[in-house]
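Please keep the model open as you read.

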Amino acid sequence: MLAGRVASLGSLAAGLGKPGQERFEAALAAALAADGTLIPLLHVHDTAERHRAVGFDVEFAGLEEGATFDLLATREDTAVEIVCDTLSAEAGRLVHRAAWVQLMDRIDPDLQTWLSAHPGRYLLKMTLPRGLRVAEPDDTTTLAELHRRINEMLTSARRSDQDEAAVLRLDPLMLAAAQASENGLMNRLRREFGPEANLAVTGDGQGVFVLAARAGSENEVAVAMRHRLAALAPARLTGTRPGILAMFIEDTDRLEWRLLREQLTLEGEARQFLTFPEARPVVAVTCTSRIELCAEDGADALRFRNPTHPAGKLPALAPAVLSVC
């Protein structure tokens with residue numbers, strides 16, 4: 001499905017004028033360079049298609065005219081500006097998944113060596129009150145320090161180590177027969193440590209070593225979104241027309257996204273933002289992720305209407321601002 005979305009960008013470019021095609025090509029080049037991604041372009045196109053599907057005429061004002069907003073959608077003579085923005089869920093995590101993966105890549109050979117000398121099943125629990133981040137691609141200071149502490153604890157045969165940055169504890173891993181498979185083990189760990197835990201398992205045939213890490217507080221992905229919304233509205237909406245802030249939350253898995261939706265954390269923070277002065281030109285906030293982008297059944301976006309905006313009750317805008325969830 002995602003491949004089809006990428007292929008559809010060709011039709012987007014073909015429908016643009018020369019200035020629009022030049023801006024599209026610049027955006028595409030940026031997406032394909034270094035750590036770039038196609039997600040922002042796909043989000044703009046997907047948002048346009050969603051509005052066209054419910055009767056809006058859509059112009060790519062950002063590409064065609066260099067407007068601060070991305071889309072101008074019109075229905076029944078009523079126009080709305082749409083800003084399409086992508087936010088990584090990492091912005092709301094103390095323990096970044098990218099940093100966790102880097103730590104596991106660094107430490108796995110050492111764990112393999114240690115396991116070969118100490119066969120058995122082990123569980124290393126980590127609480128990281130300060131989190132775990134990599135500020136820059138070449139900034140490995142925090143990772144190196146945690147790596148060093150884990151190695152030192154293992155080589156000195158200590159079962160625990162703690163300071164203000166990390167609390168480490170090594171325990172035997174007790175497994176029932178039904179939990180011995182990889183799926184059974186991961187399911188048990190997820191139940192025990194919760195959906196926000198970072199988990200990793202390594203083994204060498206003679207043993208199993210599990211690492212489980214949590215931050216000192218809950219993730220705040222929705223709070224990070226609220227902060228982004230407050231920055232976007234005054235910077236990218238003109239204030240002359242109603243505005244929609246269409247957020248794409250990147251770097252979430254299916255479980256995390258389902259919990260963000262079902263526990264109403266996104267809704268709560270979006271509605272709090274809509275009470276701020278910065279939200280005066282905003283008629284609605286919408287949220288999607290890769291789940292909706294790649295869905296074959298046309299999974300709908302979350303929509304949160306601003307009840308104080310004069311245009312919020314216009315029938316012409318109803319398909320874009322009222323949630324069907």
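**The nonpolar cores**

Of the 31 residues in the largest nonpolar core, those touching the most other members are Phe24, Phe60, Leu71, Val80, Ile82 and Ile244. A nonpolar core here is a set of buried Ala, Val, Leu, Ile, Met, Phe, Trp, Tyr and Cys residues joined through side-chain atoms within 4.5 Å, and buried means under 20% relative accessible area (1.4 Å probe, protein chains only). Several elements each supply at least two residues of this core, including helix 1 (2-14), helix 2 (18-32), strand 3 (78-88) and strand 9 (243-250); helices (H or I, at least four residues) and strands (E, at least two) are DSSP runs numbered from the N terminus. Helix 3 gives the most, with 5 residues. A second, separate core has 30 residues, among them Ala61, Phe69, Leu229 and Leu274.

This is a predicted model: local features need pLDDT of at least 70, side-chain atom pairs count only at pLDDT 80 or more, and totals for chains, interfaces and linings use all residues. Residues are numbered from 1 along each chain as its sequence is written, and side-chain values use heavy atoms, with hydrogens and water left out.

Now look at Ile82. Leaving aside neighbours within four places in sequence, Ile82 is in contact (heavy atoms within 4.5 Å) with residues including Thr47, His51, Leu71 and Ile244.

Stepping back, the protein has 12 helices and 11 strands, and its C-alpha trace spans about 75 × 40 × 35 Å along the principal axes. Buried residues make up 47% of its 325 residues.

Methods: Buried means under 20% relative accessible area, exposed over 50%, partly exposed in between (1.4 Å probe, protein chains only).
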